Amino acid sequence: MQIIPFKEPAAWQAQITLTNVIFNLYFRWNAMNKYWVMNIFDRDENPILLGVKVVTNYDLTRQFSALTGMPSGDILDQDVTGGWADIQRFDMGQTNEIIYYEPNELTAEA
């Protein structure tokens with residue numbers, strides 16, 4: 001399990017290693033509809049997955065695992081307080097965390 005550090009701005013990016021592969025993750029706050037959006041690019045900035053709405057306590061990537069270049073594990077947003085409320089603009093890094101689980105780590109915990 002690896003927590004992906006969340007930054008304060010309404011749009012930001014981070015280069016991060018997930019299961020020994022470098023990815024560029026982009027997050028953007030959609031102010032009109034009030035939700036976060038995640039995009040995943042490879043290390044060379046080739047798009048892998050675009051426009052995923054970040055939803056509380058939901059596996060954001062499993063349904064896209066067959067796409068070429070995807071991280072081999074699972075990326076989830078988890079409410080660390082145990083709640084299920086919609087994520088607000090400043091919840092990330094406070095009540096919600098983006099967490100990467102290594103392959104088979106989620107099934108091992110279930």
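Tutor: In this predicted model, two strands count as paired if DSSP finds at least two bridges between them.

Student: How many bridges join strand β2 to β3, and in which sense do the strands run?

Tutor: Strand β2 covers residues 11-18, and Leu 18 stands opposite Val 21 in β3. The two strands run antiparallel, and the bridges that join them number eight.

Student: Which residue takes a positive phi in the hairpin of β2 and β3?

Tutor: This hairpin has two residues between its strands. The positive phi, near 50 degrees, belongs to Thr 19.

Student: Which residue of β4 stands opposite Asn 24?

Tutor: Strand β4 spans residues 35-42 and pairs with β3 in the antiparallel sense over eight bridges. Within β4, the residue opposite Asn 24 is Phe 41.

Student: Is strand β3 mostly covered or mostly uncovered, and how many of its residues are buried?

Tutor: A residue is buried when its relative accessible area is under 20%. Strand β3, residues 21-30, is mostly covered by this criterion, with a buried count of seven of its ten residues.

Student: Which residue in the turn between β3 and β4 has a positive phi, and what is its value?

Tutor: The hairpin of β3 and β4 has four residues between the strands. In that turn the residue is Lys 34, with a phi of about 60 degrees.

Technical notes. Residues are numbered from 1 along each chain as its sequence is written. This is a predicted model: local features need pLDDT of at least 70, side-chain atom pairs count only at pLDDT 80 or more; totals for chains, interfaces and linings use all residues. Side-chain values use heavy atoms; hydrogens and water are left out. Buried means under 20% relative accessible area, exposed over 50%, partly exposed in between (1.4 Å probe, protein chains only).
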